[in-house]
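Please read the following report alongside the sequence and the coordinates.

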Amino acid sequence: MGVRIRETAGFVPAAAGRENRKRRNAMAQKNTRSIRDTLAARTTRRVLPCSDEQGRDRELTLAFTGRRLVLTTPDGTAAVLTPLQSERLRSAVRDLLLDVDPSDYA
């Protein structure tokens with residue numbers, strides 16, 4: 001005696017269920033890729049006011065383009081960081097500020 005799989009209302013045999021899952025997963029990956037590509041193609045730019053060592057007003061330009069963070073100084077020098085490197089920069093700045101005595105800020 002063999003086991004016979006029947007289709008009834010609301011029931012999908014295992015093989016058909018697997019095919020539907022594969023199709024849904026493929027569509028989800030395609031949608032994720034298109035969103036990721038759209039975000040990577042966009043350039044987001046921010047200007048960060050700051051000052052140089054002589055106290056003159058300056059600006060750092062931060063741009064996110066092509067999945068990279070680009071820091072540009074007023075003289076045009078640029079540093080390009082990957083997402084991991086930018087996270088390490090954020091962490092290093094945070095650690096440095098936590099080690100400084102708050103009275104030194106004034």
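## Fold, sheet and surface

The protein chain has two helices and four strands, where helices (H or I, at least four residues) and strands (E, at least two) are DSSP runs numbered from the N terminus. Along the sequence these elements follow the pattern α-β-β-β-β-α. This is a predicted model, in which local features need pLDDT of at least 70 and side-chain atom pairs count only at pLDDT 80 or more, while totals for chains, interfaces and linings use all residues. Residues are numbered from 1 along each chain as its sequence is written, and side-chain values use heavy atoms, with hydrogens and water left out.

Of the 106 residues of the protein chain, 8% count as buried, buried meaning under 20% relative accessible area, exposed over 50% and partly exposed in between, with a 1.4 Å probe and protein chains only. Among contacts (heavy atoms within 4.5 Å) between residues at least 6 apart in sequence, 6% join residues at least 24 apart. The chain totals are listed here.

| Quantity for the protein chain | Value |
|---|---|
| Accessible surface (Shrake-Rupley method, 1.4 Å probe) | about 9300 Å² |
| Part of the accessible surface belonging to carbon and sulfur atoms | 55% |

The four strands form an open sheet in the order S1-S2-S3-S4, with antiparallel pairing; two strands pair if DSSP finds at least two bridges between them. Strand S1 (44-51) and S4 stand at the edges, each with a single partner strand, so one side of each is left without a neighbour in the sheet. On average, and with direction ignored, neighbouring strands of this sheet are turned by 20° against each other, where axes are lines fitted to C-alpha atoms, for helices over the stretch in contact, and angles run from 0 to 180 degrees between N-to-C directions.

Strand S3 (residues 68-72) and strand S4 (residues 78-81) pair in the antiparallel sense over four bridges, and the bridge partner of Thr72 in S4 is Ala78. Five residues lie between the strands of this hairpin, in which Gly76 takes a positive phi near 95°.

Helix H2 (residues 83-99) lies across S3 and S4 and runs at about 110° to S4. Leu97 lies in helix H2 and is partly exposed, with a relative accessible area of 42%.
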